[in-house]
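Have the model open and follow along.

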2 protein chains.
Amino acid sequence: MPNPTAAMLVIGDEILSGRTRDSNMHFIANALTARGIGLSEVRVVSDDHDAIVAAVRALSAQYDHLFTSGGIGPTHDDITADAVGAAFGVAVTHRADAMALLGAHYERQGAEFNAARQRMARIPDGAVLIENPVSVAPGFTIGNCHVMAGVPKVFEAMVASVLPMLTGGAPLVTQSLRLMKGEGTIAEGFGALAAEYPDLSMGSYPFTQDGVYGTNLVIRGADGAQVSEAMARLEAMFAA
Amino acid sequence: MPNPTAAMLVIGDEILSGRTRDSNMHFIANALTARGIGLSEVRVVSDDHDAIVAAVRALSAQYDHLFTSGGIGPTHDDITADAVGAAFGVAVTHRADAMALLGAHYERQGAEFNAARQRMARIPDGAVLIENPVSVAPGFTIGNCHVMAGVPKVFEAMVASVLPMLTGGAPLVTQSLRLMKGEGTIAEGFGALAAEYPDLSMGSYPFTQDGVYGTNLVIRGADGAQVSEAMARLEAMFAA
(Lines give C-alpha, C1' and ligand atoms only; values in the text may rest on other atoms or scores of the structure.)
Protein backbone atom coordinates (compact mmCIF):
# COMPACT_ATOMS: atom_id res chain seq x y z
CA MET A 1 0.00 0.00 0.00
CA PRO A 2 1.46 3.36 -0.92
CA ASN A 3 2.11 5.82 1.89
CA PRO A 4 -0.59 8.45 2.57
CA THR A 5 -0.05 11.86 0.97
CA ALA A 6 -0.47 15.29 2.49
CA ALA A 7 -0.42 18.98 1.68
CA MET A 8 0.06 22.00 3.88
CA LEU A 9 -1.59 25.40 3.54
CA VAL A 10 0.06 28.33 5.33
CA ILE A 11 -2.36 31.24 5.74
CA GLY A 12 -1.05 34.71 6.46
CA ASP A 13 -0.09 38.07 4.96
CA GLU A 14 2.85 38.27 7.38
CA ILE A 15 4.66 35.39 5.66
CA LEU A 16 4.11 36.80 2.16
CA SER A 17 5.25 40.31 3.12
CA GLY A 18 8.47 38.94 4.61
CA ARG A 19 7.60 40.24 8.09
CA THR A 20 7.61 36.74 9.55
CA ARG A 21 9.71 33.75 8.54
CA ASP A 22 7.56 30.62 8.45
CA SER A 23 8.83 27.68 10.48
CA ASN A 24 5.72 25.52 10.53
CA MET A 25 6.33 24.09 7.05
CA HIS A 26 9.74 22.75 8.01
CA PHE A 27 8.37 21.37 11.29
CA ILE A 28 5.51 19.45 9.70
CA ALA A 29 7.72 18.23 6.84
CA ASN A 30 9.88 16.42 9.38
CA ALA A 31 6.94 15.24 11.51
CA LEU A 32 5.13 13.77 8.49
CA THR A 33 8.26 12.15 7.06
CA ALA A 34 8.87 10.43 10.41
CA ARG A 35 5.28 9.14 10.37
CA GLY A 36 5.51 7.79 6.81
CA ILE A 37 3.16 10.39 5.36
CA GLY A 38 4.52 12.06 2.25
CA LEU A 39 4.26 15.85 2.15
CA SER A 40 3.61 16.47 -1.55
CA GLU A 41 2.78 20.16 -1.78
CA VAL A 42 2.74 23.34 0.27
CA ARG A 43 0.92 26.56 -0.52
CA VAL A 44 1.10 29.94 1.19
CA VAL A 45 -1.83 32.31 0.65
CA SER A 46 -2.80 35.67 2.13
CA ASP A 47 -5.64 36.44 4.56
CA ASP A 48 -8.10 36.45 1.65
CA HIS A 49 -11.37 34.48 1.86
CA ASP A 50 -11.53 33.39 -1.79
CA ALA A 51 -7.85 32.43 -1.92
CA ILE A 52 -8.21 30.25 1.20
CA VAL A 53 -11.42 28.59 -0.04
CA ALA A 54 -9.86 27.78 -3.43
CA ALA A 55 -6.69 26.35 -1.89
CA VAL A 56 -8.58 24.25 0.70
CA ARG A 57 -10.82 22.78 -2.00
CA ALA A 58 -7.94 22.00 -4.39
CA LEU A 59 -5.59 20.50 -1.80
CA SER A 60 -8.16 18.52 0.22
CA ALA A 61 -9.40 16.94 -3.02
CA GLN A 62 -5.93 16.06 -4.30
CA TYR A 63 -4.24 14.63 -1.16
CA ASP A 64 -5.16 12.27 1.70
CA HIS A 65 -4.63 15.00 4.31
CA LEU A 66 -4.48 18.77 4.40
CA PHE A 67 -2.91 20.66 7.31
CA THR A 68 -3.44 24.40 7.63
CA SER A 69 -1.72 26.95 9.88
CA GLY A 70 -2.79 30.46 10.77
CA GLY A 71 -5.87 32.64 10.99
CA ILE A 72 -7.79 31.12 13.91
CA GLY A 73 -7.32 33.87 16.51
CA PRO A 74 -9.77 36.53 17.79
CA THR A 75 -9.01 39.43 15.42
CA HIS A 76 -10.71 40.58 12.20
CA ASP A 77 -7.90 39.14 10.05
CA ASP A 78 -8.56 35.63 11.44
CA ILE A 79 -10.87 34.25 8.77
CA THR A 80 -9.72 30.65 8.41
CA ALA A 81 -12.70 28.98 10.14
CA ASP A 82 -15.20 30.77 7.87
CA ALA A 83 -13.18 30.00 4.74
CA VAL A 84 -12.79 26.31 5.62
CA GLY A 85 -16.52 26.11 6.42
CA ALA A 86 -17.26 27.63 3.01
CA ALA A 87 -14.86 25.21 1.29
CA PHE A 88 -16.70 22.24 2.84
CA GLY A 89 -20.14 23.81 2.38
CA VAL A 90 -21.10 23.87 6.08
CA ALA A 91 -22.13 26.60 8.51
CA VAL A 92 -19.75 27.99 11.12
CA THR A 93 -21.26 28.53 14.55
CA HIS A 94 -20.24 29.19 18.16
CA ARG A 95 -19.90 25.64 19.41
CA ALA A 96 -20.95 24.78 22.95
CA ASP A 97 -17.92 22.63 23.88
CA ALA A 98 -15.47 25.21 22.57
CA MET A 99 -17.39 28.03 24.30
CA ALA A 100 -17.16 26.08 27.57
CA LEU A 101 -13.41 25.47 27.23
CA LEU A 102 -12.69 29.11 26.45
CA GLY A 103 -15.14 30.52 28.99
CA ALA A 104 -13.52 28.53 31.81
CA HIS A 105 -10.05 29.60 30.62
CA TYR A 106 -10.83 33.33 30.70
CA GLU A 107 -12.64 32.99 34.00
CA ARG A 108 -9.46 31.46 35.51
CA GLN A 109 -7.47 34.35 34.04
CA GLY A 110 -9.94 36.95 35.31
CA ALA A 111 -10.30 38.25 31.75
CA GLU A 112 -13.56 39.16 30.05
CA PHE A 113 -14.88 36.46 27.67
CA ASN A 114 -15.81 39.12 25.12
CA ALA A 115 -17.14 38.83 21.57
CA ALA A 116 -13.63 38.74 20.05
CA ARG A 117 -12.55 35.85 22.27
CA GLN A 118 -15.85 34.06 21.61
CA ARG A 119 -14.96 34.13 17.88
CA MET A 120 -12.37 31.46 18.64
CA ALA A 121 -15.26 29.08 19.47
CA ARG A 122 -16.65 29.44 15.94
CA ILE A 123 -16.16 26.00 14.38
CA PRO A 124 -17.52 24.52 11.12
CA ASP A 125 -20.45 22.18 11.73
CA GLY A 126 -19.41 18.54 11.99
CA ALA A 127 -15.76 19.25 12.85
CA VAL A 128 -13.82 17.49 15.61
CA LEU A 129 -11.84 19.76 17.97
CA ILE A 130 -8.04 19.59 18.09
CA GLU A 131 -6.66 20.05 21.61
CA ASN A 132 -4.49 23.09 22.29
CA PRO A 133 -2.48 22.43 25.48
CA VAL A 134 -0.63 25.76 25.12
CA SER A 135 -3.33 28.43 24.92
CA VAL A 136 -6.66 26.51 25.03
CA ALA A 137 -8.32 27.92 21.86
CA PRO A 138 -8.86 24.72 19.84
CA GLY A 139 -8.07 23.80 16.25
CA PHE A 140 -10.38 21.43 14.39
CA THR A 141 -10.53 18.63 11.86
CA ILE A 142 -13.23 18.60 9.20
CA GLY A 143 -13.13 15.87 6.58
CA ASN A 144 -9.44 15.40 5.81
CA CYS A 145 -8.55 18.99 6.71
CA HIS A 146 -6.73 19.73 9.98
CA VAL A 147 -6.92 23.41 10.94
CA MET A 148 -4.26 24.66 13.34
CA ALA A 149 -2.85 27.89 14.78
CA GLY A 150 0.00 29.83 13.18
CA VAL A 151 1.99 30.60 16.34
CA PRO A 152 4.74 27.94 16.12
CA LYS A 153 4.53 26.71 19.73
CA VAL A 154 0.75 26.22 19.39
CA PHE A 155 1.02 24.75 15.88
CA GLU A 156 3.57 22.20 17.07
CA ALA A 157 1.43 21.20 20.05
CA MET A 158 -1.60 20.75 17.78
CA VAL A 159 0.42 18.60 15.35
CA ALA A 160 1.37 16.44 18.33
CA SER A 161 -2.36 16.12 19.18
CA VAL A 162 -3.39 15.21 15.62
CA LEU A 163 -0.65 13.02 14.17
CA PRO A 164 -1.19 10.00 16.45
CA MET A 165 -4.81 9.83 15.23
CA LEU A 166 -3.79 9.38 11.58
CA THR A 167 -2.87 6.17 9.80
CA GLY A 168 0.79 6.48 8.88
CA GLY A 169 2.85 4.50 6.40
CA ALA A 170 6.20 2.83 6.59
CA PRO A 171 8.64 5.55 7.68
CA LEU A 172 10.92 6.38 4.77
CA VAL A 173 14.55 5.34 5.17
CA THR A 174 17.11 7.96 4.18
CA GLN A 175 20.84 7.51 3.64
CA SER A 176 23.20 10.17 2.42
CA LEU A 177 26.76 10.39 1.13
CA ARG A 178 28.83 13.54 1.37
CA LEU A 179 31.41 13.93 -1.40
CA MET A 180 33.95 16.67 -2.04
CA LYS A 181 33.20 16.49 -5.76
CA GLY A 182 31.03 18.85 -7.80
CA GLU A 183 27.63 17.77 -9.09
CA GLY A 184 28.89 17.87 -12.69
CA THR A 185 31.39 15.12 -11.88
CA ILE A 186 28.94 12.68 -10.30
CA ALA A 187 25.81 13.45 -12.33
CA GLU A 188 26.23 10.78 -15.02
CA GLY A 189 26.89 7.84 -12.70
CA PHE A 190 24.30 8.96 -10.14
CA GLY A 191 21.64 9.44 -12.82
CA ALA A 192 22.29 5.96 -14.22
CA LEU A 193 21.94 4.45 -10.74
CA ALA A 194 18.69 6.36 -10.10
CA ALA A 195 17.28 4.97 -13.36
CA GLU A 196 17.93 1.42 -12.08
CA TYR A 197 15.94 2.02 -8.86
CA PRO A 198 12.60 3.57 -9.86
CA ASP A 199 11.14 2.93 -6.36
CA LEU A 200 13.81 5.03 -4.66
CA SER A 201 14.06 8.79 -4.66
CA MET A 202 17.61 10.03 -5.30
CA GLY A 203 18.59 13.66 -4.94
CA SER A 204 21.78 15.65 -5.26
CA TYR A 205 22.46 18.81 -3.19
CA PRO A 206 25.52 20.91 -3.94
CA PHE A 207 27.43 22.93 -1.34
CA THR A 208 30.73 24.79 -1.13
CA GLN A 209 33.31 24.42 1.62
CA ASP A 210 36.43 26.62 1.68
CA GLY A 211 35.71 27.48 -1.95
CA VAL A 212 35.60 23.83 -3.06
CA TYR A 213 32.40 22.34 -4.50
CA GLY A 214 30.91 19.33 -2.80
CA THR A 215 27.69 17.36 -3.15
CA ASN A 216 25.39 15.57 -0.75
CA LEU A 217 23.75 12.58 -2.41
CA VAL A 218 20.56 11.40 -0.74
CA ILE A 219 18.75 8.11 -1.32
CA ARG A 220 15.29 7.69 0.20
CA GLY A 221 12.74 4.90 0.07
CA ALA A 222 10.36 2.67 2.00
CA ASP A 223 12.50 -0.49 1.54
CA GLY A 224 15.55 -0.12 3.78
CA ALA A 225 17.42 -3.06 2.23
CA GLN A 226 17.04 -1.55 -1.22
CA VAL A 227 18.26 1.84 0.04
CA SER A 228 21.34 0.16 1.56
CA GLU A 229 22.06 -1.77 -1.62
CA ALA A 230 21.88 1.37 -3.77
CA MET A 231 24.03 3.31 -1.29
CA ALA A 232 26.70 0.58 -1.35
CA ARG A 233 26.86 0.85 -5.12
CA LEU A 234 27.07 4.64 -4.90
CA GLU A 235 29.96 4.42 -2.43
CA ALA A 236 31.79 1.94 -4.66
CA MET A 237 31.33 4.36 -7.56
CA PHE A 238 32.51 7.59 -5.93
CA ALA A 239 33.83 7.25 -2.40
CA ALA A 240 36.74 4.95 -3.29
CA MET B 1 -2.42 51.86 -10.75
CA PRO B 2 -2.38 48.85 -8.45
CA ASN B 3 1.00 47.35 -7.59
CA PRO B 4 2.16 44.36 -9.67
CA THR B 5 1.49 40.91 -8.20
CA ALA B 6 3.79 37.93 -7.98
CA ALA B 7 3.94 34.28 -7.00
CA MET B 8 6.84 32.05 -6.10
CA LEU B 9 7.26 28.37 -6.88
CA VAL B 10 9.81 26.43 -4.82
CA ILE B 11 10.80 23.18 -6.54
CA GLY B 12 12.43 20.40 -4.59
CA ASP B 13 11.88 17.14 -2.72
CA GLU B 14 14.42 18.24 -0.11
CA ILE B 15 12.13 20.99 1.19
CA LEU B 16 9.08 18.72 1.39
CA SER B 17 10.95 15.93 3.17
CA GLY B 18 12.23 18.37 5.80
CA ARG B 19 15.87 17.70 4.89
CA THR B 20 16.40 21.35 3.91
CA ARG B 21 14.79 24.45 5.39
CA ASP B 22 13.81 26.84 2.59
CA SER B 23 15.12 30.38 2.93
CA ASN B 24 14.46 31.66 -0.59
CA MET B 25 10.78 32.35 0.06
CA HIS B 26 11.56 34.69 2.95
CA PHE B 27 14.31 36.40 0.95
CA ILE B 28 12.14 37.12 -2.08
CA ALA B 29 9.19 38.18 0.10
CA ASN B 30 11.31 41.01 1.49
CA ALA B 31 12.91 41.89 -1.86
CA LEU B 32 9.52 42.12 -3.61
CA THR B 33 7.90 44.10 -0.79
CA ALA B 34 10.76 46.64 -0.97
CA ARG B 35 10.20 46.94 -4.73
CA GLY B 36 6.43 47.46 -4.42
CA ILE B 37 5.55 44.08 -5.93
CA GLY B 38 3.04 42.13 -3.88
CA LEU B 39 3.87 38.47 -3.24
CA SER B 40 0.41 36.90 -3.32
CA GLU B 41 1.07 33.16 -3.25
CA VAL B 42 3.84 30.62 -2.78
CA ARG B 43 3.76 26.95 -3.72
CA VAL B 44 6.26 24.22 -2.98
CA VAL B 45 6.17 21.14 -5.22
CA SER B 46 8.39 18.08 -5.55
CA ASP B 47 10.76 17.22 -8.40
CA ASP B 48 7.84 15.90 -10.45
CA HIS B 49 7.36 16.98 -14.06
CA ASP B 50 3.56 17.14 -14.07
CA ALA B 51 3.40 18.95 -10.72
CA ILE B 52 5.84 21.61 -11.91
CA VAL B 53 4.06 22.09 -15.25
CA ALA B 54 0.65 22.47 -13.55
CA ALA B 55 1.97 24.96 -10.99
CA VAL B 56 3.84 27.06 -13.58
CA ARG B 57 0.74 27.26 -15.77
CA ALA B 58 -1.60 28.18 -12.91
CA LEU B 59 0.65 30.77 -11.26
CA SER B 60 1.98 32.46 -14.43
CA ALA B 61 -1.62 32.89 -15.62
CA GLN B 62 -2.88 34.30 -12.33
CA TYR B 63 -0.12 36.76 -11.37
CA ASP B 64 2.02 39.41 -13.10
CA HIS B 65 5.24 37.57 -12.29
CA LEU B 66 6.28 34.07 -11.29
CA PHE B 67 9.65 33.36 -9.67
CA THR B 68 10.88 29.78 -9.37
CA SER B 69 13.76 28.32 -7.37
CA GLY B 70 15.47 24.97 -7.73
CA GLY B 71 16.04 22.18 -10.22
CA ILE B 72 18.37 23.81 -12.76
CA GLY B 73 21.61 21.95 -11.97
CA PRO B 74 23.37 19.13 -13.86
CA THR B 75 21.84 16.03 -12.20
CA HIS B 76 18.95 13.78 -13.23
CA ASP B 77 16.66 15.34 -10.59
CA ASP B 78 17.08 18.81 -12.17
CA ILE B 79 14.03 18.92 -14.42
CA THR B 80 12.82 22.50 -14.11
CA ALA B 81 13.92 23.74 -17.56
CA ASP B 82 12.05 20.92 -19.30
CA ALA B 83 8.93 21.42 -17.18
CA VAL B 84 8.88 25.20 -17.74
CA GLY B 85 9.40 24.65 -21.49
CA ALA B 86 6.45 22.24 -21.47
CA ALA B 87 4.31 24.72 -19.51
CA PHE B 88 4.97 27.41 -22.13
CA GLY B 89 4.72 24.97 -25.05
CA VAL B 90 8.25 25.54 -26.38
CA ALA B 91 11.23 23.26 -27.06
CA VAL B 92 14.23 23.14 -24.71
CA THR B 93 17.61 23.04 -26.45
CA HIS B 94 21.32 23.50 -25.70
CA ARG B 95 21.68 27.21 -26.33
CA ALA B 96 24.83 28.58 -27.97
CA ASP B 97 25.36 31.55 -25.63
CA ALA B 98 24.84 29.45 -22.50
CA MET B 99 27.12 26.73 -23.92
CA ALA B 100 29.81 29.36 -24.54
CA LEU B 101 29.53 30.78 -20.99
CA LEU B 102 29.73 27.36 -19.38
CA GLY B 103 32.42 26.02 -21.74
CA ALA B 104 34.72 28.95 -20.93
CA HIS B 105 34.03 28.53 -17.19
CA TYR B 106 34.98 24.84 -17.09
CA GLU B 107 38.02 25.46 -19.31
CA ARG B 108 39.26 28.03 -16.77
CA GLN B 109 38.69 25.48 -14.02
CA GLY B 110 40.43 22.71 -15.96
CA ALA B 111 37.28 20.57 -15.60
CA GLU B 112 35.66 18.51 -18.33
CA PHE B 113 32.63 20.17 -19.95
CA ASN B 114 30.78 16.88 -19.96
CA ALA B 115 27.22 15.98 -20.92
CA ALA B 116 25.91 16.60 -17.36
CA ARG B 117 27.38 20.11 -17.23
CA GLN B 118 26.10 20.81 -20.75
CA ARG B 119 22.57 20.10 -19.43
CA MET B 120 22.78 23.44 -17.63
CA ALA B 121 22.84 25.16 -21.06
CA ARG B 122 19.44 23.63 -21.94
CA ILE B 123 17.08 26.64 -22.06
CA PRO B 124 13.50 26.96 -23.35
CA ASP B 125 13.35 28.58 -26.79
CA GLY B 126 12.74 32.32 -26.62
CA ALA B 127 13.93 32.77 -23.04
CA VAL B 128 16.29 35.53 -21.88
CA LEU B 129 19.22 34.42 -19.72
CA ILE B 130 19.53 35.56 -16.09
CA GLU B 131 23.11 36.26 -15.06
CA ASN B 132 24.67 34.11 -12.33
CA PRO B 133 27.69 35.94 -10.92
CA VAL B 134 28.27 33.20 -8.32
CA SER B 135 28.59 29.98 -10.29
CA VAL B 136 28.04 30.97 -13.95
CA ALA B 137 25.24 28.51 -14.91
CA PRO B 138 22.45 30.92 -15.91
CA GLY B 139 18.81 31.17 -14.96
CA PHE B 140 16.28 32.38 -17.50
CA THR B 141 13.13 34.40 -18.01
CA ILE B 142 10.40 33.14 -20.33
CA GLY B 143 7.20 35.15 -20.55
CA ASN B 144 6.53 36.33 -17.01
CA CYS B 145 8.35 33.38 -15.43
CA HIS B 146 11.79 33.89 -13.90
CA VAL B 147 13.62 30.60 -13.33
CA MET B 148 16.41 30.63 -10.75
CA ALA B 149 18.68 28.28 -8.82
CA GLY B 150 17.78 26.78 -5.42
CA VAL B 151 21.14 27.29 -3.68
CA PRO B 152 20.43 30.43 -1.61
CA LYS B 153 23.59 32.35 -2.51
CA VAL B 154 22.93 31.79 -6.22
CA PHE B 155 19.19 32.44 -5.91
CA GLU B 156 19.83 35.74 -4.17
CA ALA B 157 22.36 36.85 -6.80
CA MET B 158 19.88 36.01 -9.57
CA VAL B 159 17.11 37.96 -7.84
CA ALA B 160 19.50 40.92 -7.76
CA SER B 161 20.03 40.48 -11.54
CA VAL B 162 16.32 40.25 -12.33
CA LEU B 163 14.51 42.67 -10.01
CA PRO B 164 15.93 45.92 -11.48
CA MET B 165 14.51 44.88 -14.89
CA LEU B 166 10.94 44.73 -13.60
CA THR B 167 8.46 47.56 -13.24
CA GLY B 168 7.85 47.99 -9.53
CA GLY B 169 5.08 49.79 -7.72
CA ALA B 170 5.00 52.25 -4.87
CA PRO B 171 6.88 50.57 -2.01
CA LEU B 172 4.42 49.65 0.70
CA VAL B 173 4.73 51.62 3.93
CA THR B 174 4.57 49.57 7.12
CA GLN B 175 4.15 50.81 10.69
CA SER B 176 3.75 48.61 13.73
CA LEU B 177 2.75 49.01 17.35
CA ARG B 178 3.88 46.60 20.06
CA LEU B 179 1.43 46.26 22.94
CA MET B 180 1.63 44.19 26.11
CA LYS B 181 -2.07 43.34 25.77
CA GLY B 182 -3.54 40.09 24.45
CA GLU B 183 -5.26 39.95 21.06
CA GLY B 184 -8.63 39.37 22.69
CA THR B 185 -8.41 42.75 24.39
CA ILE B 186 -7.62 44.79 21.28
CA ALA B 187 -9.57 42.83 18.67
CA GLU B 188 -12.80 44.83 18.76
CA GLY B 189 -11.28 48.30 18.43
CA PHE B 190 -8.65 47.17 15.94
CA GLY B 191 -11.26 45.46 13.75
CA ALA B 192 -13.45 48.56 13.74
CA LEU B 193 -10.47 50.70 12.67
CA ALA B 194 -9.56 48.23 9.89
CA ALA B 195 -13.12 48.44 8.56
CA GLU B 196 -12.74 52.23 8.25
CA TYR B 197 -9.59 51.90 6.10
CA PRO B 198 -10.34 49.39 3.34
CA ASP B 199 -7.20 50.41 1.37
CA LEU B 200 -4.90 49.50 4.25
CA SER B 201 -3.93 46.03 5.37
CA MET B 202 -4.05 45.60 9.17
CA GLY B 203 -2.75 42.51 10.90
CA SER B 204 -2.39 41.35 14.47
CA TYR B 205 0.42 39.03 15.62
CA PRO B 206 0.39 37.63 19.15
CA PHE B 207 3.52 36.82 21.16
CA THR B 208 4.37 35.94 24.75
CA GLN B 209 7.07 37.57 26.87
CA ASP B 210 7.86 36.31 30.36
CA GLY B 211 4.52 34.49 30.29
CA VAL B 212 2.53 37.63 29.46
CA TYR B 213 0.60 37.90 26.21
CA GLY B 214 1.41 40.76 23.87
CA THR B 215 0.40 41.72 20.35
CA ASN B 216 2.16 43.36 17.44
CA LEU B 217 -0.28 45.39 15.37
CA VAL B 218 0.86 46.08 11.81
CA ILE B 219 -0.62 48.59 9.36
CA ARG B 220 0.55 48.46 5.75
CA GLY B 221 -0.40 50.46 2.67
CA ALA B 222 0.79 52.38 -0.37
CA ASP B 223 -0.33 55.76 1.02
CA GLY B 224 2.10 56.72 3.80
CA ALA B 225 -0.04 59.58 5.11
CA GLN B 226 -3.02 57.28 5.48
CA VAL B 227 -0.90 54.69 7.29
CA SER B 228 0.33 57.39 9.72
CA GLU B 229 -3.20 58.65 10.33
CA ALA B 230 -4.51 55.18 11.12
CA MET B 231 -1.51 54.45 13.35
CA ALA B 232 -2.09 57.67 15.30
CA ARG B 233 -5.68 56.59 15.96
CA LEU B 234 -4.49 53.13 17.00
CA GLU B 235 -2.02 54.63 19.46
CA ALA B 236 -4.70 56.91 20.90
CA MET B 237 -6.92 53.86 21.35
CA PHE B 238 -4.47 51.46 23.05
CA ALA B 239 -1.08 52.93 23.87
CA ALA B 240 -2.33 55.62 26.23
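Strand 10 and strand 11 (residues 212–221) of chain B run antiparallel and are joined by nine bridges. Helices (H or I, at least four residues) and strands (E, at least two) are DSSP runs, numbered from the N terminus. To find one of those bridges, go to B:Tyr205, whose partner in strand 11 of chain B is B:Asn216.

This is a predicted model, where local features need pLDDT of at least 70, side-chain atom pairs count only at pLDDT 80 or more, and totals for chains, interfaces and linings use all residues. Residues are numbered from 1 along each chain as its sequence is written, with chains lettered from A and ligands numbered from 1 in the order in which they are written.

Now zoom out to the sheet: three strands of chain B make an open, antiparallel one in the order 9-11-10. Strands pair if DSSP finds at least two bridges between them. Strand 9 (173–179) and strand 10 (201–209) of chain B are the edges, each pairing on one side only.

Helix 8 (residues 183–196) of chain B lies across strands 9, 10 and 11 of chain B, at about 170° to strand 10 of chain B. Contact here needs C-beta atoms, placed from the backbone, within 7 Å. Angles run from 0 to 180 degrees between N-to-C directions, with axes fitted to C-alpha atoms, for helices over the stretch in contact. Helix 9 (residues 224–238) of chain B lies across strand 9 and strand 11 of chain B, running at about 10° to strand 9 of chain B.

Conventions: Contact = placed C-beta atoms within 7 Å.
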